[in-house]
Structures are given as C-alpha cells and as structure tokens.
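Biologist: Please bring up the sequence and the structure, and we shall go through them together.

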Amino acid sequence: MENIAVLGAGSWGTALALVLSDNQHQVRLWTHNQHHAEEINRTHQNERYLPGVEIPEQIIAYHNLSDAVKDVSTILIVVPTKAIREVCRQLRDFLGEEVTVVHGTKGIEPGTWKRVSEMIEEELADSYDGDIVVLSGPSHAEEVSLRHPTTVTVSSDKISQAERVQDLFINENFRVYTSPDMIGVELGGALKNIIALGAGVSDGLGYGDNAKAALMTRGLAEIARLGTVMGANPLTFIGLSGVGDLIVTCTSVHSRNWKAGNLLGKGNDLNQVLDKMGMVVEGVRTTKAAFELSSQQNVDMPITHGLYRILFENEKPKAVVDQLMTRVRRHEMEDLSTILSARYAQKDD
C-alpha cells in the first residue's frame, strides 16, 4: 500500500484514483478549486465530471497542493495539456526525493511541439531527476469507473519505472502492459484525438460507417508517419496506445473529441462547440500543434491539415471532406514504404 497523489480531479483523474483505491492505496485527489474539493469530500461524488459514480471515503480530495503531495511515493498528473506547466511550476517546491512522477494526459504543446513528458521534465528540471512515466491507451473514464475491463500501456525511458507503475495499477479489471517506446505511446495517445475530431465531423455530415472506417485507417497512417519521423517505433501504432486508442476515441459516445467533431459537422462553429462541451477537448489544441509540426517536418498529414482549416480558418466541413476525397491518386503501400524508410534512417543515425 502506497500514498499516491492524483493531480487533476476531472473524469480521467477521478477514474484512475478509483483504480488505485481499489488496489488498497491511499489516494489524495487534488483539484485547484476549493469548492470542488469540499464537494467531493462531502458527497463522495464528482457530479460535474463523473456523475453517478460513488467515490470511496478513502479517497480524500485536496485543494492545497503541498498537503496533497506531502510524503507521497507517487504523483500522477492528469490535468489538461494547457495546465501542465503551471501545475509543475507549483509542484517544484514540494517534490520528495524518491517520488515517481506519472502522467496520464494526452496532448502536444503548440509552438514548442513538446510531448507532455518533455513539458514536465522542463518544468521540474531543478527539483526532479527521475524518469517520467506515461500511462495511455483505450480507456474512457466512464467505463473505468464502472470497473469495466480496460487495458492500457505504461512507458518510461527506464523500464523498471514503468514496471513499478504497472504494479500500482494492475488488477482484474484494469490490465496494464509496459512499452519501451515512450515517444510512440505519447504521440499515439495525442494524435488520435485529431482523427477522432474528423470521425465526429464525418458522422455529423451523415457520411456513414464506410467514410469513418476510411478516415480512421488513413488517420492511423498519418499518425505513424509523423510519429516515426519524431523517433517512435512504427509498431507502437498498431498497439493499445495507437490503433486501440484510435478505435475507442473515434467510435464511442463517451469521446469528447468525437462529440466536438460531430457538432462541427452539424454546422456549429468552434466557439459554440467548446461552450456546449463544457470540458477540455484536447484534439483542438493538438490539431494546431500537429499542423505546425508536420509543416515544419514536411510530413504529409492531409486529414490533420483539413481539420486545421475547419477549426482555425473557418472552412466548411463538407468542402474539406470533398477535397480530401478528390486528392491525387496514390498507392496505399506508399505510406508503409515511407514509414519504414524513416525507421531505417533512424537506425542508421
């Protein structure tokens, strides 16, 4: 049994806190909002983010960050990508020497194109010299909280750290694999949100399952192209944190990114969509970052670029989809050749 702090009391942070509590760990669930913390402790529910789910009394919500992380062995960061740096800056003064830092956030930072682990490392550089661990995979908070079978991946530059986190989380409902490919695990989890937005747009336009299947398949090729250029193993993208996460995020009613895309496809503009969602839609920010990064790296990502035009240049979804369908003819195996060539080039370096 360990003392663990979960930073971020949204739906995913709360669901992971439940997994850890089921494994008999003492869990502290931190939120920046004092009223939110008080409400969780009083009602033992997180009505805004995970309604109807009972939170055990052993999970204590905190508003004060120093109290939340005092004497813990593991800190799990599950805040939105845009809040990562600020939370880590606050965390600097409170880190213990032997603490393990894990994150479960899926995104890329626009402008810097940093993965979440890189952002954490930068902000904690003066106070933490351990290896960051990432937890990712096909996992909706709503289903995890109901103890439905779920399988995820943990990864770190040091495999012993990943195995330690695997032991913290694994149980009969929540299966955890390890992977040595931290870059691929993070990029797969982040980039699939873009494709999920596109799947939602396609459904919002009423284009049916054939179109969505094609979009998901071609989207996976885009993810692998960019990921491999950035140093990932292309095989990671046919695993849990790649195609697994892509399937669940593109097809589930629980998916925020799919819901947002669906509203876009039905004619809502981005501001209307974000107002209606009421929660962070990571795919929007990640689309901007991936558009910038793929342009800089000269990586072909037509779906991502099309989504960028819809989100940030006010192009009509139908016009963008029609343009994608009338692109220059290509051979499907060209993508495989490109991905493998990039992988072999990495090995030669």
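Biologist: Which residues does Leu 191 touch, not counting residues up to four places away in sequence?

Modeller: Leaving out residues up to four places away in sequence, Leu 191 touches Ile 108, Ile 223, Leu 226, Thr 286 and Ala 290. A contact here means heavy atoms within 4.5 Å. This is a predicted model, in which local features need pLDDT of at least 70 and side-chain atom pairs count only at pLDDT 80 or more, while totals for chains, interfaces and linings use all residues. Residues are numbered from 1 along each chain as its sequence is written, and side-chain values use heavy atoms, with hydrogens and water left out.

Biologist: Which members of the largest nonpolar core touch the most others?

Modeller: Leu 191, Ile 195, Leu 197, Leu 246 and Cys 250 do, in a core of 39 residues. A nonpolar core is a set of buried Ala, Val, Leu, Ile, Met, Phe, Trp, Tyr and Cys residues joined through side-chain atoms within 4.5 Å. Buried means under 20% relative accessible area, exposed over 50%, and partly exposed in between, with a 1.4 Å probe and protein chains only.

Biologist: Which elements supply at least two residues of this core?

Modeller: They are H8, helix H9 (208-229), H10, H11, helix H12 (270-277), helix H13 (282-297) and H14. H8 gives the largest share, nine residues. Helices (H or I, at least four residues) and strands (E, at least two) are DSSP runs, numbered from the N terminus.

Biologist: What lies apart from this core?

Modeller: Another core does, with 34 residues, among them Ala 9, Val 19, Ala 141 and Phe 174.

Biologist: Where does UniProt place the active site?

Modeller: The unreviewed UniProt entry places that feature at Lys 192, a residue in helix H8. UniProt positions follow the numbering used here, feature names are shortened, and annotations may be inferred rather than shown by experiment.

Biologist: Is Lys 192 buried or exposed?

Modeller: Lys 192 counts as buried because its relative accessibility is 5%. Beyond residues up to four places away in sequence, Lys 192 touches Lys 106, Ile 223, Asp 245, Leu 246 and Thr 249.

Biologist: And what does UniProt list for residues 181-321?

Modeller: The unreviewed entry lists "domain: Glycerol-3-phosphate dehydrogenase NAD-dependent C-terminal" there. In the model, residues 181-321 are 76% helix and 0% strand, and the end C-alpha atoms lie 33 Å apart.

Biologist: Let us turn to H11. How many of its residues are buried?

Modeller: Eight of the ten residues of H11 are buried, leaving the helix mostly covered. Those buried are Asn 257, Trp 258, Ala 260, Gly 261, Asn 262, Leu 263, Leu 264 and Gly 265. Just after H11, Gly 267 takes a positive phi of about 105°.

Biologist: Now Tyr 308. Which helix holds it, and which residues does Tyr 308 touch?

Modeller: Tyr 308 lies in helix H14 (residues 302-312). With residues up to four places away in sequence set aside, Tyr 308 touches Thr 287, Lys 288, Phe 291 and Glu 313. The C-alpha atoms of Tyr 308 and Thr 287 are separated by 6.1 Å, although the two residues are 21 apart along the chain. Tyr 308 is buried, because its relative accessible area is 15%.

Biologist: What about open space: how much lies in the largest pocket?

Modeller: The largest pocket holds about 1100 Å³ of space. Of its 45 lining residues, the closest to the centre are Gly 10, Ser 11, Pro 80, Arg 256 and Val 280. Elements that give two or more residues to this lining include helix H1 (11-22), helix H8 (182-204) and helix H11 (256-265). On a 1 Å grid over the protein atoms alone, a pocket is an open set of points with protein on both sides within 12 Å along at least five of seven lines, a cavity is a set where a 1.4 Å probe fits but cannot get out, and lining residues have an atom within 4 Å of a point. Grid points are joined across faces, edges and corners, and a volume is the space filled by probe spheres set on the points.

Biologist: How many cavities of 30 Å³ or more are there?

Modeller: The whole structure has three, and the largest cavity contains about 70 Å³. Its lining includes Ala 15, Leu 18, Arg 147 and Phe 174, and H1 supplies the largest share, four residues.

Biologist: Lastly, is Asp 71 buried or exposed?

Modeller: Asp 71 is exposed, because its relative accessible area is 63%. Asp 71 sits in the loop between helix H3 (65-69) and strand E4 (74-77), and has a positive phi of about 60° although it is not a glycine.
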